[in-house]
Amino acid sequence: MGGAAMTTTVITGIGELVTNDPARAEQGGLLGLLTDAAVVVEGSHVAWVGPAADAPAADVQVDAGGRAVIPGFVDSHSHLVFAGDRSAEFEARMTGQPYTAGGIRRTVARTRAATDEQLTSHVARLVAEMRAQGTTSVEIKSGYGLSVHDEARSLAVARQFTDETTFLGAHVVPADTTSEDYVALVTGPMLAAAAPHARWIDVFCEDGAFDVDQARAILQAGTDSGLRGRLHANQLTYGGGVRLACELGLVAVDHCTYLSDADVAALASSGTIATLLPGVEFSTRHPYPDARGLLDAGVRVALASDCNPGSCFTSSMALCIALAVREMRMSPAEALHAATATGAAALDRDDVGVLAPGKAADLVLLDAPSYVHLAYRPGVPLVAGVWQAGRPVVHSSR
């Protein structure tokens, strides 16, 4: 006997639909735009996309009321497993003290002291906060444990909320050890404990954290354990991290604030995605990355929040889009694409960030006629509804 047919839902009355479907690029540009559109959802996936006049019959009909609909945001860089608060550090930074990586150790102490239940509750709150703002896919890193036990449990907590979990034991070197001994720990017992809970391995390749040779060794150990490589690089100064990412063929390298011409050329030729995190520059008063120069050079660019308690405590991808448009000279279309389809590509995913048949039914209804309002109306809560895996999970009261 066959199973029961899945319920189908047609969302009609979509004034402007962002599909990100390359098959629609000729008519709809980078975003594959459709006007007066409809989407049919079956189970957890999109079954049909097209003009509303051609929409097939469905079991349930939902009227979008002329709103714009976009794919759910894909936030490919976040640090949500932590305890404590660093608002005092932010205040000090805003009154003239420079940002350094040292604050990470303060968060480590508080995270180690927290219970599993406290960490889980905190991550749940932040993920819900993200979802209410349109984020339907999120990557979550460890990195505030820095011990075998605490890194493994941080990843176990993160895995309750996403499959995109990243082992970042190589965040900073704890004060009670040497860098050589700590790299041995990260590539040995800590990796063994963390790997069952992670898909990715990451390194903070930066002055004051880990150098290029250490990063290479850590990433190689992760690869040998079945993890995919990611990298924080060139956030605080020029260095070799971006070119290391390109040499190793990593799918993405994150921050990319300080880039030489050689770095840009390496990104363009390797295909490694530059994931830019403009919330960090907003929160630290560092110069913004040159997104315009990267795009003009043929580099693929993603946007992510880098939500963390120290250098950028925002969960808003819409804010990142507005900053990218205003401060980094991306077009509204480029910024939205970077926060959805290219963010998905930075996680080596093609099932999210796109609204097309067979893709995940992760979509956001905006209280606006166009996606452009994400940058045009910065700071305004425009999300009228969120669907995740085919189900409405956020409803606006408006």
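The model is a predicted one, in which local features need pLDDT of at least 70 and side-chain atom pairs count only at pLDDT 80 or more, whereas totals for chains, interfaces and linings use all residues. Residues are numbered from 1 along each chain as its sequence is written, and side-chain values use heavy atoms, with hydrogens and water left out.

The buried residues of H7 are Gln214, Ala215, Ile218, Leu219, Ala221 and Gly222. They cover an arc of only 155 degrees around the axis, which puts them on the same side of H7; the arc is taken from the directions that lead from the helix axis to the C-beta atoms. Helices (H or I, at least four residues) and strands (E, at least two) are DSSP runs, numbered from the N terminus.

The length of H7 can be checked as well, since its 13 residues (212-224) should span 18 Å at 1.5 Å a residue, and its end C-alpha atoms are 18 Å apart, which agrees; the expected span is 1.5 Å times one less than the number of residues. At the start of H7, a side-chain oxygen of Asp211 reaches to within 3.2 Å of the backbone nitrogen of Asp213. Just after H7, Gly226 takes a positive phi of about 90 degrees.

Positive phi values also occur in residues other than glycine. Asp36, in strand E2 (residues 34-42), has a phi near 45 degrees and is exposed, with a relative accessible area of 58%. Cys256, in the loop between strand E13 (252-255) and helix H9 (261-270), has a phi near 55 degrees, but at 0% relative accessibility Cys256 counts as buried.

Attention now turns to the annotated positions. An unreviewed UniProt entry lists Arg86, Tyr144, His171, Gln235 and Ser311 under "binding site"; such annotations may be inferred rather than shown by experiment. His171 lies in the loop between E9 and H6 and, at 4% relative accessibility, counts as buried. Its contacts (heavy atoms within 4.5 Å) include His79, Tyr144 and Phe210. The backbone oxygen of Gly143 lies 2.9 Å from a polar atom of the His171 side chain.

Tyr144 lies in the loop between strand E8 (140-141) and helix H5 (148-159), and at 2% relative accessibility Tyr144 counts as buried. Beyond its neighbours within four places in sequence, Tyr144 is in contact with residues including Arg86, Glu151, His171 and Asn308.

A search of the whole structure finds 4 aromatic pairs, with rings of Phe, Tyr and Trp (its six-membered ring) paired if their centres lie within 6.5 Å, and planes under 30 degrees apart counted as stacked, over 60 as edge-to-face and the rest as tilted. The rings of Phe82 and Tyr144 have their centres 6.2 Å apart and their planes at 75 degrees, so the pair is edge-to-face. Ring pairs link Phe82, Tyr144 and Phe313 into a cluster.

Note on methods
Buried means under 20% relative accessible area, exposed over 50%, partly exposed in between (1.4 Å probe, protein chains only). A polar contact is a pair of N or O atoms within 3.5 Å; within protein, one must be able to donate a hydrogen and the other to accept it, and residues adjacent in sequence count only if both atoms are side-chain atoms.
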